[in-house]
Amino acid sequence: MRLRLRPVLSATVAALAAAVSLTGPGAPDAGADATPVKVSVNARGGLATMPGTALGVNDAVWDAELGTPAVSDLLKGAGVGMIRYPGGSYGDIFHWKTNTAPGGYVAPNTDFDTFMGSVRRVGAQPMIIANYGTGTPDEATDWVRYANVTKGYGAKYWTIGNENYGNGHYGSNWEADDHADKSPTAYANGVVAYADAMKAVDPTIKVGAVLTMPGNWPDAITATGDSASWNKTVLSIAGSKIDFVDVHWYPGGGTAAEALTKPEQIEDAVYLARRQISQYAGADADRIGISLTETNVGVGEDTQPAALFLADAYSGLLENGVFTVNWWNVHNGIGTVSTVAGQTDYGDMGMLSSAGCTSDGKTCEPALNTPFTPYHGLSMMNAFARPGDRFVRAGTDQALVTAHAVRRPDGDLAVLLVNKDPDNAHPVTIDYTGFTPADGAPTAYSYVNGGTSVTSTHDGDATSRTLPPYSLTTIVLHPASTPTGAPAAPGRPTASAVTDRTATLSWPAAAPGGRPIAKYEVYRQAGAASEELGETTDTSLTVHNLTPGTRYTVNVLARDTAGNVSQASPPLTFATGSPATSACTVRFADNGDWGNGYVANIDITNNGPDAIDGWTLNFTWPTGWQQMSSGWNATWTQTGRDVKATSLDMGGKLAAGASTSIGFVAAYSGPNVLPSVFTLNGTVCTTA
């Protein structure tokens, strides 16, 4: 959540006042860890395709530099493809016709036409916030008419409001909302009214509804008087009317080191968001996209942690199919000054300097529009991934070094390496699956701690490199050979008849190249590796021997009669269930969630013909940020992510057909993926 009601804004006090100075050399020649980090790149593990809207930023009507040629040129140079307007919570107080925001400041020359002039100079698309908090459907409809009918701007993406769950309904109140009813039901009905009215003027626009990022407040909380959480309510009512959902993500972190671990949560958060959409948004829910229109690091917003976080987070979000990621903000304003990794951090959440000074005048930011580190992080993203590139799986064996990769339509492959260690360089060795790099030095891009730009060279080789401390590195590789006439990639697979052990996968046929297609190969992504699940001459395959309650991401490749292999299909993620019948049944219920913990109840039923004298129930947390706090009616223990509940002496007997109830209090600090597989005395139970 972010309060956006003043022209100079700082980060949430609690998260950012804890900024910790990190010492240690930032120069590239700092001492290196002698053990090379193993980097694995799997070109067969296809992920999402990079859209033209991927690299985004926020701009605000209180920013006097909005729309200036200097800023537009900088944004264009960084590859910005989407710009959000009129600026966070200002969206719910801004009236576009009068260019006013009662209760807030609007700078001169920041009106909608000026903004659109900048958007066009940058070559981006606008993401426009229609005023829900203090506006009306008619006002939004007039805006669509003016933008796309009168002016012909072709503004495609419109969100209804901004962080509207922050209107006081859940206790915290930072978002303007003049409606008497501030419930998620009222907001969802408002979205329907806005969408109907706006699309009546221009049916081609895309309308988005505000959700909360899974794992972030108030996800999973059901307020007094409501029947469900914000996300479930909004999707259930407005799902058929919207084209995308809009979320924000400020993961925080008391130290830079902690903040830089947060991108690990992205895959699970996006998975949960898509699962909520699928469960609650009704028919054809797959058409609903996800935009993430505000994010920022928790510590070191103007220094190297921001650049590292931006590149890591943008890559993680985009490879999981988010269609735009927008940094907060182009300009923001000086905050609490500190030193991070040997560099001055101004506590400014902007990409570009506002040239402000502290109230005592002792510290001033650099000259106006001087790029801060997140701008260079965005520039590195522009060097790494271009529209049309397909993200592919990449990983490392060292937590302080992360890797991302893309396969380009021309066959080239780019690898982004993030060294999060502020003190040490790390040598890496890179292994490739499904791709053979050409001989010769690759093109290499680098951004180091204290750097003023992304630099490029042609040096080194494709399989080894040393990463400077606190650095971003991208290498771009040509393939050793480019076979002509290879088949096109198959279409995105779908799953049907999914059980605990099997699933039937089907996909649109690949277009053949120079030779007929001989077979299709189905691969499961296992980290940065691939495991072949089977092959077929058909466009459907039933896979067996799957593990109950497990998430699978699969791709299909086509191979022709000459052995030429296509690139990977778009990915499919599905989850197996529990056995249809078993000697035991478990009913798991989340009976009350408060945003970072919940009360769980588990009913265990003995379906077997014989009594059980003493039992042990086991399950594994899906993530590393979930844990038990306390439990009852059993002896509870947790080792790592494995949880065990053992019957008490007085409650260990369970007659045939009988049930018992146990429970626990859980805590979590990220996306809360609930456990789905339980074993009773070693037998996998049916989960009801």
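**Reading the features**

Tutor: D389 and R408 are both buried, where buried means under 20% relative accessible area, exposed over 50% and partly exposed in between, with a 1.4 Å probe and protein chains only. This is a predicted model, in which local features need pLDDT of at least 70 and side-chain atom pairs count only at pLDDT 80 or more, while totals for chains, interfaces and linings use all residues. Residues are numbered from 1 along each chain as its sequence is written, and side-chain values use heavy atoms, with hydrogens and water left out.

Student: What joins D389 and R408, and how far apart are the closest N and O atoms?

Tutor: A salt bridge is counted when a side-chain nitrogen of Lys or Arg lies within 4 Å of a carboxyl oxygen of Asp or Glu. D389 forms one with R408, and their closest N and O atoms are 3.0 Å apart. The pair links distant parts of the chain, since D389 sits in the loop between α10 (373–384) and β12 (390–396) and R408 in the loop between β13 (401–407) and β14 (413–419), 19 residues apart. The helices (H or I, at least four residues) and strands (E, at least two) are DSSP runs, numbered from the N terminus.

Student: How many salt bridges does a search of the whole structure find?

Tutor: The search finds 16 salt bridges. In one of these, the side chains of D142 and K97 meet at 2.8 Å, N to O. D142 lies in helix α4 (residues 137–150) and K97 in the loop between β3 (82–85) and α3 (112–122), so this pair ties together parts that are 45 residues apart in sequence. D142 counts as partly exposed at 25% relative accessibility, and K97 counts as exposed at 54%.

Student: Is R465 buried or exposed, and which residue is its salt-bridge partner?

Tutor: R465 counts as buried at 15% relative accessibility, and D459 is its partner, with the closest N and O atoms 3.0 Å apart. D459 is partly exposed, having a relative accessible area of 33%. Elsewhere, salt bridges that share partners join K519, E521, E535 and R559 into one network.

Student: In which order do the strands β20, β21 and β24 lie in their sheet?

Tutor: Strands of a sheet pair through backbone hydrogen bonds, either parallel or antiparallel. Here 3 strands form an open sheet in the order β20-β21-β24, with antiparallel pairing; two strands pair if DSSP finds at least two bridges between them. β20 (494–496) and β24 (540–543) stand at the edges with a single partner strand each, so one side of each is left without a neighbour in the sheet. Strand β21 (residues 503–506) is joined to β24 by 4 bridges, and L505 stands opposite L541 in β24.

Student: At what angle do helix α6 and helix α8 cross?

Tutor: Two packed helices are described by the angle between their axes and the distance between the axes. The axes of α6 (residues 230–238) and α8 (residues 266–280) come within 9 Å and cross at roughly 45°; axes are lines fitted to C-alpha atoms, for helices over the stretch in contact, and angles run from 0 to 180 degrees between N-to-C directions. The two helices are therefore oblique to each other, since angles under 35 degrees count as roughly parallel, over 145 as roughly antiparallel, 65 to 115 as roughly perpendicular and the rest as oblique. The contact, meaning heavy atoms within 4.5 Å, is made by N231, K232, L235 and S236 of α6 and Q276, I277 and Y280 of α8.
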